[in-house]
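Work through the exercises below with the coordinates open, and try each task before reading its solution.

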Amino acid sequence: MSGYLEGVLVVLAINVILAYAAFLPIVAGQLNLGIAGFMATGAYLSAYLTNAHGWLPLPAALAATILTAALGLVVAFPILRTRGIYLALATFAFGQVVVATILNLDAVGGAAGYPVATHLGFPAIAAAAAIVFVTLYCLFHTRFGLSVTAVSDDELVADQMGLSVRGLQTAAFTIGAGVAGLAGALQAHHFNYIEAQHFNVLLSIYVVLYVLLGGTQTIYGPLLGAAVFTLLPEVLRGSAQWRYVIFAALILALMTWRPQGVVTRGLLRRLVEWRRPSPAEAA
Amino acid sequence: MLAQQLVNGLMLGSVYALVAVAFTLTMGILKFLNFSIPGIFMIAGMCTWAMLKGGASLLVAIPAVLLLGALLSYGVERVTWRQMRGGDRFVPLVSSMAFLILLENLALIAWGSDQQRLILPFQSTSARIGDVVVGVPQLVGLALAVAVVWTLDRVLRRTRIGRAVRSIAEDAETATLLGVAVDRVVPLVFAIGGIFTALAGVLFSLNYQQASPFMGEEVALKGISAMVVGGMGNIWGAILGGLAIGVVETAAIHWFGARAVDIAVYGMLLAILFGRPTGLLGGDLAKGRA
C-alpha cells in the first residue's frame, strides 16, 4: 500500500470515529459543537500518559477514552440543563475553553505543541474504527438505540412512555465524548505531534457536517458522510483550490435535494425491496 | 491607562456588536444560527481593501460593499432558508456553513491567503481626549452602530413592516394565516442582516487596516458570544454584549496576557449560559422588547 493511500485511509478511519462521536448526541437531539474539545482532551491525556508515565500507546488510548467519557459525564450535567441552540452554544464554548486551557498548560507544551513519543500504525487505527462501528451498530439495535431514537423523534411522548429522557441524553453525550477522546488519542499516536490550535471549532463543525450530510436516521449515515467528506476533496485534488468551492456547492445541492441526509430509513427500505423480488413476481 | 483600556475595549466591542446584531436578527426571528455571516463579513472587508487599492473613494466603496452584503445575504436566504420546509431542523445551519466554506475559498482563489494591508485615503486617524487616545474611524464606527441599531429598533416597533417581522418571530405559521407575506418579509430580514454584517466588515478593515480571507471566523465567534451574553433576539442586548466582550477581551490581555483571552471570553459565555441563559437583557423579539 502506498504511503499516500495509507495516509488518506488513516484520516478516513479517524474521521469515521469522530462522526460516530457526534452521531449519538445528534440522535438524542443534541447538536454537540464541542467535539474538538473532547478530541483534544483524549489526545493530550493519551500523549501525556505515554510521554510522562511510560505507558504503552494502546492502554494509554483506552485510559484516555475512559477519562474523556468521565469528563463528558461531568460536564453533561450543567450542559444538558440547556436546550436546543443554547446547548449547541454551550458545547461550543466548552470546546473553546478546553483548547484555551491547553494552550496555557506549559506541562504539555502550551502553544508550541506537544511531541508524542509512541507510534500507532494504520492497522491499529483501522481496527479501532471497525470496533467503534460494530459497537455502535450493536448499541443502536438494542433497546437503548430504540429509546434514544424515540427521544429524538418526540421527547414528550418518550417521556410519557416511561423512558428516562435525561438519563438517555446523558448516556448519549457521555459515549459521544469518550469516542471523540479515542479519535484524539489515535490521532496523537499516529502523527506523533499534537497542537491545541488544531482542535478548533471548525473541526467540530466539519464533524457535525459529516453526520448531517450522511443522514441521522440510520447507523450507516455517519459512515457515508465521513467517507464522502474525506475522499471527495482527495478526488477533486486535481483542480487545486477549486476543490473546496465544488465541495461547498455539493453540500448545498445535497442539502436541497436530500435534506434528511443521503442515507435515510426510506432509502434502505427501498434498497432491500429492490434486491428481493416482490411475492407477486416470485409466484 | 485604565481609561485607555476601556476605550480600546469599547472600540473593539463595537465591531462585535454589529456582527452580533446580524446574528441576533436571524436568531430572534427565525431561530436560525446563520453561519454565512463570517463569510459576508470577510467579503466586505476584502472588497473594501480591493476597491481602495483600485483607487475608489470611500464614498463609493462603502455603499457598494453594503449593497453587496445585502445581495449576498439575500442569496443565502434563497438557498438555505427557503429549502428548510419539511427538512431536518439542522439543514439551514449546514447550508449556511457551506456558504462560509464557499465564500472563504472564492476569496482565496481571487486574492490569495495573505493578510492584506489597507491604505487609507486620509492621514492621522486618532484624536486625544485628555490622556486617552481615540481612533476617529472607531469612534465614527461606534456612533454609526448605535445610530443604525436605534433606527432598526424604531422600525421594528413602529412600522407596519416591523410589526410583520415581530409577528413572524412570535409564530411564522400564525403570521401567514393572518396575512403576513412571510416570503417577502424574511428576505428583507436577511438583507438587513447582510448590511449590518458588511458594515462591521468595512469598519473592521478600516479600523485595523487589514483584511484576510480568514478575518471572519474569530470575529463571528465573538459575535455569537456577544449575542448570547446580551440575550438572543434582543438587538440592544447584542450591542451591550458586544461591548462587554470587547472590554473583557482587552482587560484579559492587559492583566493576564493574550493567551488568557479565550478562557476569559468563552468562560464568561459558559457562565452566562449556565446561570442566566436568557442573557443580560433577556431577549424576545416577539414581545416588542427588541
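This is a predicted model: local features need pLDDT of at least 70, side-chain atom pairs count only at pLDDT 80 or more; totals for chains, interfaces and linings use all residues.

**Exercise 1.** Determine how helix H1 of chain B is oriented relative to helix H9 of chain B, and which residues meet.

Solution. Two packed helices are described by the angle between their axes and the distance between the axes. For H1(B), residues 2–30, and H9(B), residues 215–230, the angle is about 65 degrees and the axes are 8 Å apart. Because angles from 65 to 115 degrees count as roughly perpendicular, H1(B) is roughly perpendicular to H9(B). The crossing in which H1(B) passes H9(B) is right-handed. Among the residues that meet are Val15(B), Tyr16(B) and Phe23(B) from H1(B), and Val219(B), Lys222(B) and Ile224(B) from H9(B). Sorted by class, this contact comprises 12 nonpolar, 3 polar and 1 charged residues.

**Exercise 2.** Describe the contact between chain A and chain B from the side of chain A.

Solution. Chain A contributes 34 residues to the contact, and chain B contributes 30. On the side of chain A, the elements giving two or more residues are helix H4 (84–103), helix H9 (201–214) and helix H11 (242–257). The largest share, 11 residues, comes from H4(A). By class, the side of chain A that touches chain B has 26 nonpolar, 7 polar and 1 charged residues.

**Exercise 3.** Is Val185(B) buried, exposed or partly exposed, and which residues distant in sequence does Val185(B) contact?

Solution. Val185(B) belongs to helix H8 of chain B, residues 182–208. Since 18 C-beta neighbours lie inside 10 Å, Val185(B) counts as partly exposed; a buried residue would need 20 or more. Leaving aside neighbours within four places in sequence, Val185(B) is in contact with Ile161(B), Ala164(B), Val165(B), Ile168(B) and Val180(B). Of these, Ile168(B) is 17 residues from Val185(B) in sequence, with a C-alpha to C-alpha distance of 8.8 Å.

Conventions. Residues are numbered from 1 along each chain as its sequence is written. Chains are lettered from A and ligands numbered from 1 in the order in which they are written. Axes are lines fitted to C-alpha atoms, for helices over the stretch in contact, and angles run from 0 to 180 degrees between N-to-C directions. Helices (H or I, at least four residues) and strands (E, at least two) are DSSP runs, numbered from the N terminus. Angles under 35 degrees count as roughly parallel, over 145 as roughly antiparallel, 65 to 115 as roughly perpendicular and the rest as oblique. A crossing is left-handed if the near helix is turned anticlockwise from the far one by less than a right angle, and right-handed if clockwise. Two residues are in contact if their C-beta atoms, placed from the backbone, lie within 7 Å. Ala, Val, Leu, Ile, Met, Phe, Trp, Tyr, Cys and Pro count as nonpolar, Asp, Glu, Lys and Arg as charged, and the others, Gly among them, as polar. A residue is buried if 20 or more other C-beta atoms lie within 10 Å of its own, exposed if 12 or fewer, and partly exposed in between; C-beta atoms are placed from the backbone.
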